[in-house]
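Me: I am new to this one. Please walk me through the labels and show what each rests on.

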Amino acid sequence: MHSLASICIVLGGICIVSGFVIGYAHTLIMEEKLLTITQASELLGVSVDTLRRWDKSGKLVAIKKNGGTHRFYREKDLEIFASDLMKFASEWIEDGIDFPGTFYCPTSSIFNARLTKMEYALMLKPGFEKLFSLVTLVTGEIGDNSFAHNLGKWPDTPGIFFGYNLEKGVVVLADRGLGILETLRQVRPELPSHVVAVEVAFTEFVSGRAPEKRGNGLKTVREVVVEQPIDLFFISGDAEVRMQGLDKIFRVTRGQRVIRGCLAKIEFK
Amino acid sequence: MKLQLGKFGKTLISRELGSEAFKAFQTTLRELPKDEELEIDFSDVLTLSPSWADEFLSPLLDLMSNRLVLLPSDNLSVHATLRVLQEANEYTFRIKSW
């Protein structure tokens, strides 16, 4: 059976918007094998009911042959639909909207297994023979942070979104957890804002899991991203970190939107 | 004594698994003579994260101090992790030359 994680690896340069419509000329459809709704649900990791709902709402429109009622999907279109990782992650943490289940890691052990799979694939990417370990470190620290700081405290959905496209050089992580500010206020109740909390998390040895000694994960992430050809976009609450381009400076700014939990996009070319 | 860190896994990421690895290593550690050095070999490790290492290497450092010796590695994640760990512990690890 296919997995979207592996499919995403071979995708490239595709951006998709909501209201995605599947199916073009009739002749083209005839030449391609169509998947049933059950096969499509297995491929995307969502229920058949979710696919029916997405069809009705226009989010992922199915093909109906000769005016019939059965829904069909082109495999290539499902791959394209599943390639917009930031859209899925943002919609999930902001509005709780469903995303393909292949990106869902309900437990840290599942996250670790998928991270190892990504690590092995990245080792084979030309130019990443050494850098793969730092991309894995950055991804692993951000993902593990979500689990460590929300264990037994998830406000609603436990676990994280973890998607990647190694051809494009992008990893997206997201959680619907407490976020950095609420986590750190457990040990530093005086923290005034999301911006200050995120700055502390990325620059100081501090753990939201007192009496645990220290948290050094995000500090390492910052140091690695500053020095290496790895970009990072990170949001928690209304605090944003953008470390991009050649001359990267660590700075936390206040963004326009407030999100729950954390959202991270890691890019590497 | 030489410890191949890769025996605990090639991808050493989470704090939880680092803590488990340290507990599992206790039996071996108890059998180590008081005057013997413990050499840590990173050669089979693909990725080492600071969270994992903080749960394994930091308590080892507390117990063994300068009897803990790290073997050289060209792995970038090992370098990044050791640098932060040294800063956090305010200690410079003994690293054996190539």
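Here are questions about the labels, each with a reply.

Reply: This is a predicted model, where local features need pLDDT of at least 70, side-chain atom pairs count only at pLDDT 80 or more, and totals for chains, interfaces and linings use all residues. Residues are numbered from 1 along each chain as its sequence is written, chains are lettered from A and ligands numbered from 1 in the order in which they are written, and side-chain values use heavy atoms, with hydrogens and water left out.

Me: What are the mean pLDDT values of chain A and chain B?

Reply: pLDDT is the predictor's confidence in each residue, from 0 to 100. Chain A has a mean of 85, with 85% of its residues at 70 or more. Chain B has a mean of 93, with 99% of its residues at 70 or more. The model scores ipTM 0.94 and pTM 0.84.

Me: Why are α7(A) and α8(A) called roughly antiparallel?

Reply: Axes are lines fitted to C-alpha atoms, for helices over the stretch in contact, and angles run from 0 to 180 degrees between N-to-C directions. Angles under 35 degrees count as roughly parallel, over 145 as roughly antiparallel, 65 to 115 as roughly perpendicular and the rest as oblique. The axes of helix α7 (residues 108–123) of chain A and helix α8 (residues 132–150) of chain A cross at roughly 165 degrees and come within 10 Å. Therefore α7(A) and α8(A) are roughly antiparallel. Their contact (heavy atoms within 4.5 Å) includes A:F111 and A:L115 of α7(A) and A:V135 and A:F147 of α8(A).

Me: What makes α10(A) roughly perpendicular to α11(A)?

Reply: Helix α10 (residues 194–203) of chain A packs against helix α11 (residues 217–227) of chain A at about 80 degrees, with the axes 6 Å apart. That angle makes α10(A) roughly perpendicular to α11(A). A:A201, A:F202 and A:T203 in α10(A) meet A:L218, A:K219, A:V221 and A:R222 in α11(A).

Me: Why is α3(B) called oblique to α4(B)?

Reply: Helix α3 (residues 50–64) of chain B and helix α4 (residues 76–89) of chain B have axes that come within 10 Å and cross at roughly 50 degrees. That makes α3(B) oblique to α4(B). Among the residues in contact are B:L57 and B:L61 of α3(B) and B:L82 and B:L85 of α4(B).

Me: How do you know that A:F202 and A:F234 are edge-to-face?

Reply: Rings of Phe, Tyr and Trp (its six-membered ring) pair if their centres lie within 6.5 Å; planes under 30 degrees apart count as stacked, over 60 as edge-to-face and the rest as tilted. By this rule there are 21 aromatic pairs over all chains. In the pair of A:F202 and A:F234, the centres are 5.2 Å apart and the planes 80 degrees, making the pair edge-to-face. A:F202 is in α10(A), and A:F234 is in strand β8 (residues 230–243) of chain A, 32 residues apart.

How values were computed. Helix = DSSP H or I, 4+ residues; strand = E, 2+ residues; numbered from the N terminus.
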